[in-house]
Amino acid sequence: MSRVDPPSVVNIADLRLIAKKRLPRVVFDYIDGAADAEWTMRENARVFDDVMFRPRSAVATSNVDLRTTVLGESIELPLILAPVGSSRLFWPRGEEVAARAAGEAGTIYTLSTLSGCPVRDVKAATHGPVWYQLYLVGGRDVALAGIERAKNAGCSALVVTVDTPVAGMRERDVRNGTKELVSGAPFTMLPFVAQFLARPRWLAAFLADGGLMKFANVILKDGPMPYADVAAALEQSMVSWADFQWIRDAWQGPIVVKGVHTADDARQSIDHGAKAVVVSNHGGRQLDGVAPTLCVLPEVLAAVKGEAEVLLDGGIRRGSDVVKALCLGARAVLIGRAHAYGLGAAGGAGVARAIEILRSDIVRTMKLLGCASVRDLDRSFIDIPPAWRNDRFGTPTLDEIDRLRVHGRRPLSQEIIDSARRRDR
Ligand code: FNR
């Protein structure tokens, strides 16, 4: 029995606690924290509680099919590993072991530009697809070389993150001395090093893996970019819509825009060539106070009009969260912290366990809902709070209401039907 098996680990929160015990505070808080008051991070997760299921009982669902396709790629379950920078600090060769676990589960790993393992090694570590997430750190020429390496390694999509013109204000990182610790100046570091000594096992593994990682996919004139103040590096390298032209020309493959919060930006993404968008607020790590992603999903879906695939991330901690996001129209979700906690807790075994927890949750939820395939999940399986039934979530059209009746599903409330009639009259 490994330390991530039941009864020690039953859910993602258990993996989080093990990661907390194994990692130095500065590393754990880097994963666990978010911007400012961390309101958006909390709301991302909490808002799933506002959505209630409407199960169909006595429906035979012995085989539940979790397979779906994203950008033409078939995946075994509707979740993808989100880009998580500096994963190599959580576990030796962290990005490779996480990618391997994703591949074994039959899904996609997304490698952050700000990662510690070279893209070709990460791709070689997994049988599954790898997407490459792009930041323009180091400038255009450095990014172009990174795109070329990702292409040569066989990455199948380029994920351009657009919500990071500057790093969010992560208060925990400031308190834990992140900036001082990466300064390399012994006296500056000194007040903060005790947190490493308190985690000797992590420290031994970290040193055996070469100590403080370099950014292996950001190759500057004199080699890989040293681990420096990421906030400053990001500020000098924001991506704007005008950059999409040269990015598209260089990549020549499918582009995913990550960090879409509004209908306008969803349209901009499509106009600039995106084949998919990720409704994402960076897990609440950037602009605190933006709406939780589940709440903006319908607005984005309405704007996209089926012209691009719509993915969502933020706050996914249970398989039922994945199911709710799919019911509201997401094609698949990305998981950030859920897999990062697993990696910090137990490396590849922890990531595999995180995916397995979510997979088995999804299967059970689908059986309890009476739905045999993730492709059949829709709004009829959930109830949203009355306060959400506004312009953003949209009243269903009369056609949609008729369709629900045709399939013998429970009718919607008279209030919704009346409001649809008034609107479509
Ligand atoms: C991230 N995220 C992120 N996103 C990105 O585009 N590039 C990156 O390098 C990172 N780095 C990163 C590090 C850590 C520690 C976390 C937790 C997150 C954001 C990530 O891809 C995703 O949008 C969020 O993590 C989703 O929210 P949840 O699943 O963590 O709640």
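Trainee: Where in this predicted model is A58 placed?

Mentor: A58 sits in the loop that runs between β1 (52–53) and β2 (68–70).

Trainee: Why does A58 count as exposed?

Mentor: A residue is called exposed if 12 or fewer other C-beta atoms lie within 10 Å of its own, and A58 has 5 C-beta neighbours inside 10 Å, so A58 counts as exposed. Its phi is near 55 degrees, which is a positive value in a residue other than glycine.

Trainee: What makes Q252 exposed?

Mentor: The limit is again 12 or fewer, and because Q252 has 10 C-beta neighbours inside 10 Å, Q252 counts as exposed. Q252 lies in the loop between α13 (244–251) and β10 (255–260), and it has a positive phi of about 60 degrees although it is not a glycine.

Trainee: Which residues have the most contacts inside the largest nonpolar core?

Mentor: That core has 123 residues, and those with the most contacts inside it are Y132, L158, V277, V300, A330 and V333. The element that gives the most to this core is α17, with 15 residues.

Trainee: What does V277 touch, not counting residues up to four places away in sequence?

Mentor: V277 touches V257, V260, A266, S269, V300, V304, A308 and V310.

Trainee: How do the residues of the shell around the ligand divide?

Mentor: They divide into 10 nonpolar, 11 polar and 4 charged. The largest share of this shell, 3 residues, comes from α17.

Definitions and conventions: Residues are numbered from 1 along each chain as its sequence is written. This is a predicted model: local features need pLDDT of at least 70, side-chain atom pairs count only at pLDDT 80 or more; totals for chains, interfaces and linings use all residues. Helices (H or I, at least four residues) and strands (E, at least two) are DSSP runs, numbered from the N terminus. Ala, Val, Leu, Ile, Met, Phe, Trp, Tyr, Cys and Pro count as nonpolar, Asp, Glu, Lys and Arg as charged, and the others, Gly among them, as polar. A nonpolar core is a set of buried Ala, Val, Leu, Ile, Met, Phe, Trp, Tyr and Cys residues joined through C-beta atoms within 7 Å. A residue is buried if 20 or more other C-beta atoms lie within 10 Å of its own, exposed if 12 or fewer, and partly exposed in between; C-beta atoms are placed from the backbone. Two residues are in contact if their C-beta atoms, placed from the backbone, lie within 7 Å.
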